[in-house]
Amino acid sequence: LVSSVENAYWELYFAYRDLDAKIAARDRALETWREVHTYFQTGRLGGAADQEAQAREQYFRLEAEVQTALAGKLVEKTNANVFRGIGGVYYLERRFRYVVGLPSNDGELLRPTNEPSLARIEFDWQEVVAESLARRSELRKQRWVVRRRELELTAARGHVQPQLDAVARYRFRGLGHDLTNGGGASSFDSAYGNLADGDFQEWMLGAELNIPIGYRRELSGVRNAELRLSRDRAVLVEQEREVISDISCVYAESKRAYSVAQTNYNRRAAAHRQLDALKALFANADENEKVRLLDLLLDAQRRFADAESQYFRAVAEYAFAIKNIHYEKGSLLEFYGIQLAEGPWPSKACFDAARRTRSRSAPVDLTCFVPKCPPVVSRGPATAEMYPAVQSIGPQAPRDATTAVTRLPEDNGS
């Protein structure tokens with residue numbers, strides 16, 4: 001969940017940055033088109049029909065890119081931790097709301113405020129590998145499975161050894177012609193009677209040695225345990241290889257993303273300088289020179305917009321790579337300071353647990369069916385002074401103080 005939230009966050013961050021770059025490029029193209037269109041209407045040199053159409057085409061192309069960057073297009077859903085950089089502000093904002101559990105539409109438009117880190121973060125390869133092998137939950141689970149298979153193999157090998165048992169027996173014998181006939185004079189007429197007399201007792205002490213011939217069943221169990229242990233060990237090795245391979249990929253991706261971010265930053269600065277220089281030349285050039293500079297100016301506008309978009313893409317990819325390293329080595333929650341703890345139980349859960357505990361251990365309390373106090377018996381009509389006592393019996397007590405209560409027959413034990 002944390003990884004998906006951050007993925008959606010940086011995707012939305014780049015969507016806004018890409019939109020800003022495209023809006024700035026569109027505005028510059030609009031300004032250039034207006035200037036060329038003015039030359040076209042006045043018939044000045046540098047405002048030919050093909051040049052005006054060229055400037056107008058670039059404006060509408062950038063306007064279409066702005067509309068796509070704002071609204072976005074439907075893309076295939078995926079949970080992969082790979083920066084895609086496609087979609088749009090509205091689409092990725094809805095996706096971010098879905099991931100964090102917010103309503104799709106509530107009258108507000110969310111925009112990320114935190115900027116990605118531009119600092120170079122160096123990870124020690126040996127430490128990252130050791131930490132990932134120790135933290136990953138599937139590896140810990142598989143190690144416990146291997147440990148269980150080792151214990152099963154130890155138990156199976158114990159069955160191959162000869163089994164020597166000490167045995168003991170002490171018992172009473174009941175001998176008789178009949179089971180319950182005790183009418184005869186002999187002590188052997190009733191088996192139950194003879195057993196109750198205890199005249200015939202026996203005991204036995206000894207040892208039993210069990211050595212199966214060939215141990216075919218026991219050796220088959222050992223072989224089966226060895227195969228299961230080998231299989232689970234192979235699964236553990238393959239899981240560790242896969243984890244190390246994933247760590248290697250994201251480790252290299254962090255190096256690449258930071259280098260590309262530096263390169264795109266320099267590219268962006270160079271493109272911005274070229275654009276400023278061409279704008280100054282185009283503004284101060286004569287009409288003959290503007291015909292030649294128009295192609296260069298429009299191309300410089302496209303280059304700068306693309307360089308700015310690629311720079312912020314590389315920055316977002318670097319943030320993705322840092323997150324993926326912590327995700328792959330199992331320290332993402334610790335990296336963000338997220339801790340999981342069990343909170344207090346609700347009162348209903350405590351009540352149910354106590355009830356189940358009593359049903360398992362405590363005996364049934366039968367005193368709840370016995371009245372705690374003897375019943376109240378009246379020997380005459382209830383007076384006003386007796387009304388509070390009668391009223392305290394319960395809701396069935398008479399409301400009228402003069403109402404007579406049924407008289408019970410007198411008894412010495414009453």
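A word on the source. This is a predicted model, where local features need pLDDT of at least 70, side-chain atom pairs count only at pLDDT 80 or more, and totals for chains, interfaces and linings use all residues. Residues are numbered from 1 along each chain as its sequence is written, and side-chain values use heavy atoms, with hydrogens and water left out.

Back to α4, residues 125–135. Its buried residues are Val128, Val129, Glu131, Ser132 and Leu133. Buried means under 20% relative accessible area, exposed over 50%, partly exposed in between, with a 1.4 Å probe and protein chains only. Over the whole chain of 414 residues, 31% are buried.

The chain has eleven helices and two strands. Those are DSSP runs, numbered from the N terminus: H or I of at least four residues for helices, E of at least two for strands.

Now the aromatics. The structure holds twelve aromatic pairs. Rings of Phe, Tyr and Trp (its six-membered ring) pair if their centres lie within 6.5 Å; planes under 30 degrees apart are stacked, over 60 edge-to-face, the rest tilted. Take Tyr265 and Tyr311: a tilted pair, 5.7 Å centre to centre, with 55° between the planes. Tyr265 is in helix α7 and Tyr311 in helix α8, 46 residues apart, so the pair links distant parts of the chain. Which of the two is buried? Tyr311 is, at 9% relative accessible area. Tyr265, at 45%, counts as partly exposed. Elsewhere, Tyr9, Trp10, Tyr13 and Phe96 form one aromatic cluster.

Next, Lys323. Lys323 lies over the face of Phe320, 5.4 Å from the ring centre. Its charged end also sits over the ring of Tyr327, at 5.8 Å from the centre. The rule: NZ of Lys or CZ of Arg within 6 Å of the ring centre and within 35 degrees of the ring normal.

Last, the largest cavity. Its volume is about 50 Å³. The lining is Arg120, Ile121, Glu122, Phe123, Ser254, Lys255, Tyr258 and Tyr318. Helix α7, residues 216–284, gives the most, with three residues. A cavity here is a set of points on a 1 Å grid over the protein atoms alone where a 1.4 Å probe fits but cannot get out; lining residues have an atom within 4 Å of a point.

Technical notes
On a 1 Å grid over the protein atoms alone, a cavity is a set of points where a 1.4 Å probe fits but cannot get out, and a pocket is an open set with protein on both sides within 12 Å along at least five of seven lines; lining residues have an atom within 4 Å of a point. Grid points are joined across faces, edges and corners, and a volume is the space filled by probe spheres set on the points.
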